[in-house]
Amino acid sequence: MTAASSARSDAVRALTIPQELLPGDGRFGSGPSRIRGQQMEALQAASRTVMGTSHRQAPVKDVVARVRAGIAELFSLPEGYEVVLGNGGSTAFWDMAVFGLIERRSQHLVLGEFSQKFASEAKAAPHLEEPEILRSEPGGLPVASANPDVDAYAWPHNETSTGVMVPVQRPAGASQDQLVLVDATSVAGAAAVDLSQTDAYYFAPQKAFASDGGLWLSVLSPAAIERAERLAIAKDRWIPAFLSLTSALENSRKDQTLNTPAVATLVLLAEQIEWMLDQGGLAWADARTRTTSGMLQDWAARRSEITPFVSEPSARSQVVTTLDVDEAIDATAITSVLRAHGVVDIEPYRKLGRNQLRIATFPAVGEDDVASLIAVLDHVLDTTSDA
Ligand SMILES: *Cc1c(COP(=O)(O)O)cnc(C)c1O
């Protein structure tokens, strides 16, 4: 960095941002993400009737039932699809898929850290063959292609580490018995999707659903359920009890989980799903996140110091906007002065290692707060431009 640019970074760090510019809520993180006040009130309301009570009894089971019914309604579940859930987050679901959904060999699109992690699990599993990996550089978008030698295709609906969204569509020419496993952790509930194009559409509650972490949820097709049931009794496959998809399925059908869930996470999640449905469901959430992420892209187009990291406009995420900052300004100076003012978690994904801002616009993030965030960023850049 030149002396001039380090002077500008120093000027950024030293700024006091006027109070009236700051957003009402400064949480713009990609997960855990902002939780609305009404959700916390719902948690408070449940503090003696649901919290601290058995997950095998009606009060907690009713919350699980609300979650399962709400997800079914939100995604307009196709005939025969089921909502399954369990403990361990999406990371656990990858391993459940390795044991219970991939039969012999999978194809993975790898376009960032999260999609890489699932591919690595499949590759390391001794009972599976070497997966087929279709890779693109961070910021790019690989395309799934039908291969008769795989029995499952895997990709993320939204690669949270880079801000790339991947279309959810069965690969042209894929056969009926090949499963499509979509990691929707950071976009489920925020973008329109046709679940008939998937066999497992899985996610966790701490992103678009504004709850806390620790759970996974997955919408399974009849074909995925049939595969899981067949692999569960296959003689040549050991499946750890905790990673058994069929156990999760049996428990979910009874509105329970295999082992004790975080009850607060379920309460916050149920509340958020019902709020989304009241607002207009998935179509509403899709429109809102397109608007708010569009505001950020428009801002980037206006600022000479800011360039969208994802060069292909149609691949840009509507929930995680990644924006490169001109090398003349240290992006960490920007994120740290914002953090000092309560505007948090817009640092880039740690392993990406870029001079970048990463801003999440999940459904709980309104247009007014995004407008304020943009005003704050303009203030930071404008008042330091001659430093
Ligand atoms: C956050 C995230 C995960 C990991 O979720 P956990 O619930 O923390 O295991 C996996 N995939 C994607 C795309 C994510 O954004």
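Modeller: Happy to! Arg8, Arg302, Arg303, Glu305, Asp378 and Asp382 are joined by salt bridges into a network. Please keep in mind that this is a predicted model. The general idea is simple: side chains of opposite charge can pair when their charged atoms come close.

Now for some individual pairs. Lys123 and Glu130 meet through their side chains in a salt bridge, with 2.5 Å from N to O. How accessible are these two partners, Lys123 and Glu130? Lys123 has a relative accessible area of 46%, and Glu130 has a relative accessibility of 49%. Exposed would require over 50%, so Lys123 counts as partly exposed, and so does Glu130.

Another pair is Asp25 with Arg27, where the closest N and O atoms of the salt bridge are 2.8 Å apart. Arg27 is partly exposed, its relative accessible area being 34%.

Glu347 has a relative accessibility of 26%, while Arg339 has 38%. Buried would mean under 20%, so Glu347 is classed as partly exposed, and Arg339 likewise counts as partly exposed.

Definitions and conventions: Residues numbered from 1 in each chain as written. Predicted model: local features only at pLDDT ≥ 70, side-chain atom pairs only at ≥ 80, totals over all residues. Heavy atoms only, no water. Salt bridge = Lys/Arg side-chain N within 4 Å of Asp/Glu carboxyl O. Buried < 20%, exposed > 50% of the residue type's maximum accessible area, 1.4 Å probe, protein only.
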